[in-house]
Amino acid sequence: MDPTTLLKTIVALVVVVEPIGAAPVFLTLTQHQAPKERQRTARRATVAVFLILFISALVGKLILELFGISLASFKVAGGILFLFMGLEMINAQPSRSRQTPEEAEEAEHRDDIAIVPLALPLLAGPGAIGSVILLAQKGPFFPHILWVTGVIAVVCFTAWLCLRMAGPMGKALGKTGMNILNRIMGLIVVAVAVEFIIGGVKALWEA
């Protein structure tokens, strides 16, 4: 994987995971925690995200084959999901594919929120899982899986930084600044969605 493609892949996955958008939710769910406990929650959440995405990359192809789903069909389905996610981000709305209002209300009463809902489904949601499954199929399993693992590690480190700096970042940017960042990331997600849909439809047409 050349450096340009690698950087593009990392940026695309960071945008789909959307750690900046998760920062306000993280602050709300950890408002009762001490600073050290909040840092521990952020660390546990990002480790869980890494494990979820890594396992998805490893067994994603087997799951698709088990249900008889072609990679092209999965690309189209993933592209449609990304499209709706991107549009919700552009409109500064929380994505219901990541967390419903009912799940958000339940999370406020949980003692341990690092795994659910922070890691799953807030950060490692359907979009992120679909992305790594498709990414893992772009080359021979080995050594391509090493590149995929590296990409996931960088994305998880970025997510950890965003959660760790959620407080100062929220104060510096404010509600308007966070919404502007979310809208910019939403545009990128929509662009990724269009590429996925076009690529999937083209593959289905050729088949």
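Modeller: Contact means that heavy atoms lie within 4.5 Å. Please keep in mind that this is a predicted model.

Colleague: Thank you. Which residues does Phe 50 touch, leaving out those up to four places away in sequence?

Modeller: Phe 50 touches Thr 149, Ile 152, Ala 153 and Cys 156. Phe 50 itself is in helix α3.

Colleague: How far apart are Phe 50 and Cys 156, C-alpha to C-alpha?

Modeller: They are 6.1 Å apart in space, although 106 residues separate them in sequence.

Colleague: Is Phe 50 buried, partly exposed or exposed?

Modeller: Its relative accessible area is 24%, so Phe 50 is partly exposed; the buried class is under 20%.

Colleague: And Cys 162, buried or exposed?

Modeller: Cys 162 counts as buried because its relative accessibility is 11%. Its place is in helix α8.

Colleague: Now the core. How many residues does the largest nonpolar core have?

Modeller: It has 52 residues, and among those with the most contacts inside it are Val 49, Leu 53 and Phe 82. Helices that each supply at least two residues of this core include α3 (35-66), α8 (141-164) and α9 (166-206).

Colleague: What is Val 49 in contact with, apart from neighbours within four places in sequence?

Modeller: Val 49 is in contact with Ala 119, Leu 123, Ala 124 and Cys 156.

Colleague: A change of topic: what lines the second largest pocket?

Modeller: The lining has 19 residues, and Ala 12, Lys 138, Val 192, Glu 195 and Phe 196 lie nearest the centre of the pocket. Two or more lining residues come from each of α1, α4, α7 and α9. The most come from α1, with seven residues.

Colleague: How much space is there, and what classes of residue form the lining?

Modeller: About 470 Å³ of space lies in that pocket. The lining has 11 nonpolar, four polar and four charged residues.

Colleague: Lastly, which residues does the UniProt annotation "transmembrane region" cover?

Modeller: The unreviewed UniProt entry gives this annotation to several stretches, including 6-29 and 184-205. In the model, residues 6-29 are 96% helix, with end C-alpha atoms 33 Å apart. Residues 184-205 are 100% helix, and their end C-alpha atoms are 32 Å apart.

Note on methods. Residues are numbered from 1 along each chain as its sequence is written. This is a predicted model: local features need pLDDT of at least 70, side-chain atom pairs count only at pLDDT 80 or more; totals for chains, interfaces and linings use all residues. Side-chain values use heavy atoms; hydrogens and water are left out. A nonpolar core is a set of buried Ala, Val, Leu, Ile, Met, Phe, Trp, Tyr and Cys residues joined through side-chain atoms within 4.5 Å. Buried means under 20% relative accessible area, exposed over 50%, partly exposed in between (1.4 Å probe, protein chains only). Helices (H or I, at least four residues) and strands (E, at least two) are DSSP runs, numbered from the N terminus. On a 1 Å grid over the protein atoms alone, a cavity is a set of points where a 1.4 Å probe fits but cannot get out, and a pocket is an open set with protein on both sides within 12 Å along at least five of seven lines; lining residues have an atom within 4 Å of a point. Grid points are joined across faces, edges and corners, and a volume is the space filled by probe spheres set on the points. Ala, Val, Leu, Ile, Met, Phe, Trp, Tyr, Cys and Pro count as nonpolar, Asp, Glu, Lys and Arg as charged, and the others, Gly among them, as polar. UniProt positions are given in the numbering used here, feature names are shortened, and annotations may be inferred rather than shown by experiment.
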